[in-house]
2 protein chains.
Amino acid sequence: MSNSTPATIEDVARIAEVSIATVSRAIHMPEKVAKSTRLKVNQAIAITGYTANAMARSLRLGRSNMILVVAPDIGDPNFSSILAGLENEARAHGYGVLIGHTQNDAQRGLEYLKFFNSYQAAGLILFTGILPFGHQAATDSLPPSVGVFEPVFNGGIPYVGVDDVEGARKAVDLLISEGHRRIAFIGDSNTRLAYRRRRSGYEAGLAAAGIPLNRQLILDGDGTVESGRLALEQFFMRDDLPTAFMCVNDQTALGVSIGLKARGYDIPDHFSVTGFDDVPQASFMTPSLTTVRQPRTAIGKHAMALLLDMLSDRAASETEILLRPDLVVRNSVGPPPARR
Amino acid sequence: MSNSTPATIEDVARIAEVSIATVSRAIHMPEKVAKSTRLKVNQAIAITGYTANAMARSLRLGRSNMILVVAPDIGDPNFSSILAGLENEARAHGYGVLIGHTQNDAQRGLEYLKFFNSYQAAGLILFTGILPFGHQAATDSLPPSVGVFEPVFNGGIPYVGVDDVEGARKAVDLLISEGHRRIAFIGDSNTRLAYRRRRSGYEAGLAAAGIPLNRQLILDGDGTVESGRLALEQFFMRDDLPTAFMCVNDQTALGVSIGLKARGYDIPDHFSVTGFDDVPQASFMTPSLTTVRQPRTAIGKHAMALLLDMLSDRAASETEILLRPDLVVRNSVGPPPARR
DNA sequence: GTGGCCGATGTAAAGGTTTACATCGAACAT
DNA sequence: ATGTTCGATGTAAACCTTTACATCGGCCAC
């Protein structure tokens, strides 16, 4: 049964006493073959333990059933769960996931173009905001691709992300409902669309509550822990402190939180803090961080599903899928001290 | 130049005015072809942007240059960095990494056997402690495989892990050098070899310092945050509290830490705590956790290197590679209160 | 000068699959 | 009875590579 070399379609054909063409058809277009032969073939397959050689299949078809996932940094802890979503969905449809990371090195992009070509990957999942390939490739017919997290700049590639506006809105709404009126926003000056959207959500929330926008309460960092602390220091240099800090991401929130503790303040008694992303660390902070969760596994799943759709119908169904983020309420938000 | 369909070896041959055999030789056995032709071929390759079709190559060769990585849970935050190590090393040698996860579902093992067969993956990286395949497959000639983190039970498969004994030893030595004599060990009753080894390191450290082993100070949880807290409660039910808690992993340490804080104790003023693994969250805890770091990226790198070795020489060089773990000293360890 | 050898190159087969096209029989309509 | 149609199956080509074997010169030794 389980010989050293795997069974080929020919072995199956011999046992089922049909031609290899019929075997192939019995597998891929069952309705085209008589029920009785289909049965014989299936038995033969069971006996031999046959699995089609994917290499031969891909060679013949001119495309493989592998999806290449290109990420700038695999080591990012967020990557795992997205990958899990991607892989699950892919495997459910008979696709495999091939991974590669550019390490933010543009040079390695070309390497991947070669790799991609040579494996004839069926499609591409792009984590990075830009195409990893040289620009000439971009204008050429691109393989079916979808972006994750961020829209891809060059080329109209559909992408799957999170509704940052809504997420930010949820955070600010919580703060407002707790009674905060002076809510600071610490942003990220980097050009990621996501960051700008989070700020829009913040502004929309204020507007909806009839709180006038106060530019003094908006500061931009660069998304790092350190920049969170720095922004906090700037607030303390002024007179008018906010009662809550809404941060563009969890790193920034951590920086703020550290800074506040260093100054002897308590969270959430003296100040409230919110983050965004719900990195795994968020629940480990003291106090644990109230933040907006990126549905990472779901993002992976949707991105892959979208790509697989594109592979079957040629039509790029939707160009943008935004998932609903959830507010994760932990212990870093409370009513402002004045009210207490 | 960059046409819609990728260049084949035939295109190169035509431009270089040689046969396809010569092209292939120029690429794979350059010394077998005259310098002048080699030059022509290289130019032609540059012109066409030729990359060998990996599918055709694998089909011909009967083996691919993909390594299948099978993990029980890709979503595990630790997975990312190991994967990064694996992938880097693989790509450096022209191999691709294909990932799959069993989700701890034995059933899916068979699926992977099929997948493996069909892709003729060159080798296997196993995260799980057991072979994912049915037992008959184990006795059959197995593809070159290496285990990561834990030795693989069935079959003498080499593996790459961390020296748990030494790691635990480093942690206990630190505690001892700070003056602790009553050091508790909170273990994990699960059968993972790693856990037993960590306890060995603990015991060896005590012995080396001439501290008699006190069985009362050893408790087994199951490696979760909750079990850490539970174990702590058990200690408090008794009279003789330790001055330090050495935990089998970071989760447990977090549980202990939460429990101590809930009882109003301060770390490290009242009690010291150590973990193991250095999960990304460890530095976010308050106080940040002193723990033993698993060199994850290095583990991945070594595992892949070992596998690649096995693929070139048939010889399974070494059967066990243990990397040296580092002690990461943060703020959860101090001298015992009595000394202060 | 001729036979042998060797280095460089070409020819063709093989690897496993899918599928256009051909074939074959039966059923049906005339 | 014969021609037509159609459903089921078989035949063979193609996908792109690698490599064993054949071929072809040139060079050396006799």
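This is a dialogue on how to read some features of a predicted model.

Visitor: I would like to begin with the two protein chains. How should I read the relation between two copies?

Guide: In general, two copies of a chain are related by a rotation about an axis and a shift along it. In this predicted model, chain B is superposed on chain A by a rotation of 180° with 0.0 Å of shift along the axis, and the RMSD is 0.3 Å. The two copies are therefore related as by a two-fold rotation axis. The same surface serves both copies, since 100% of the contact residues of chain B recur in chain A.

Visitor: Now the DNA. Which residues are closest to DNA strand D?

Guide: The closest are T22(A), I9(B), H28(B), R57(B) and R60(B), out of 24 residues that surround DNA strand D. Both chains are in that list.

Visitor: Which parts of DNA strand D are within 4 Å of the protein?

Guide: Of the atoms of DNA strand D within 4 Å of the protein, 60% belong to sugar or phosphate, and bases supply the rest. A backbone N or O atom of S19(A) is 2.7 Å from a phosphate oxygen of DNA strand D. For N53(B), a backbone N or O atom lies 3.4 Å from a phosphate oxygen of DNA strand D.

Visitor: Which elements give two or more residues to the surface near DNA strand D?

Guide: They are helix 2 (20-28) and helix 4 (54-61) of chain A, together with helix 2 (20-28) and helix 4 (54-61) of chain B. Helix 2 of chain B gives the most, with five residues. By class, this surface has 12 nonpolar, seven polar and five charged residues.

Visitor: What should I look for around DNA strand C?

Guide: DNA strand C is surrounded by 25 residues, and the closest are I9(A), H28(A), Y50(A), R60(A) and T22(B). Sugar or phosphate accounts for 57% of the DNA strand C atoms within 4 Å of the protein, and bases for the rest. A polar backbone atom of I9(A) is 2.4 Å from a phosphate oxygen of DNA strand C. Helix 2 of chain A gives the largest share of the surface near DNA strand C, five residues.

Visitor: Away from the DNA, how do I read the strands of chain A?

Guide: Take strand 3 (residues 123-126) of chain A. G123(A) and I125(A) point one way from this strand, L124(A) and L126(A) point the other way, and all are buried. Strand 3 pairs in the parallel sense with strand 1 (residues 66-71) of chain A over four bridges, and there I67(A) stands opposite G123(A). Strand 3 also pairs in the parallel sense with strand 4 (residues 145-148) of chain A, over three bridges. In strand 4, G147(A) is the bridge partner of L126(A).

Visitor: Is T252(A) buried or exposed?

Guide: T252(A) is buried, because its relative accessible area is 0%, and under 20% counts as buried. The residue is in helix 11 (residues 250-262) of chain A. Among the residues that T252(A) touches are I186(A), G223(A) and C247(A).

Visitor: Where are cis peptide bonds found?

Guide: One joins I267(B) and P268(B), with omega about 5°. P268(B) is in the loop between helix 11 (250-262) and strand 9 (272-274) of chain B. Another joins T286(B) and P287(B), with omega about -5°. P287(B) lies in the loop between strand 9 and strand 10 (291-293) of chain B.

Notes. Residues numbered from 1 in each chain as written. Chains lettered and ligands numbered in written order. Predicted model: local features only at pLDDT ≥ 70, side-chain atom pairs only at ≥ 80, totals over all residues. Heavy atoms only, no water. Near = heavy atom within 4 Å. Polar contact = N/O pair within 3.5 Å; in protein donor to acceptor, adjacent residues only side chain to side chain. Nonpolar A, V, L, I, M, F, W, Y, C, P; charged D, E, K, R; others polar. Buried < 20%, exposed > 50% of the residue type's maximum accessible area, 1.4 Å probe, protein only. Pairing = 2+ DSSP bridges. Least-squares fit on C-alpha atoms with pLDDT ≥ 70 in both. Contact = heavy atoms within 4.5 Å. Lists of a residue's contacts leave out its neighbours within four places in sequence.
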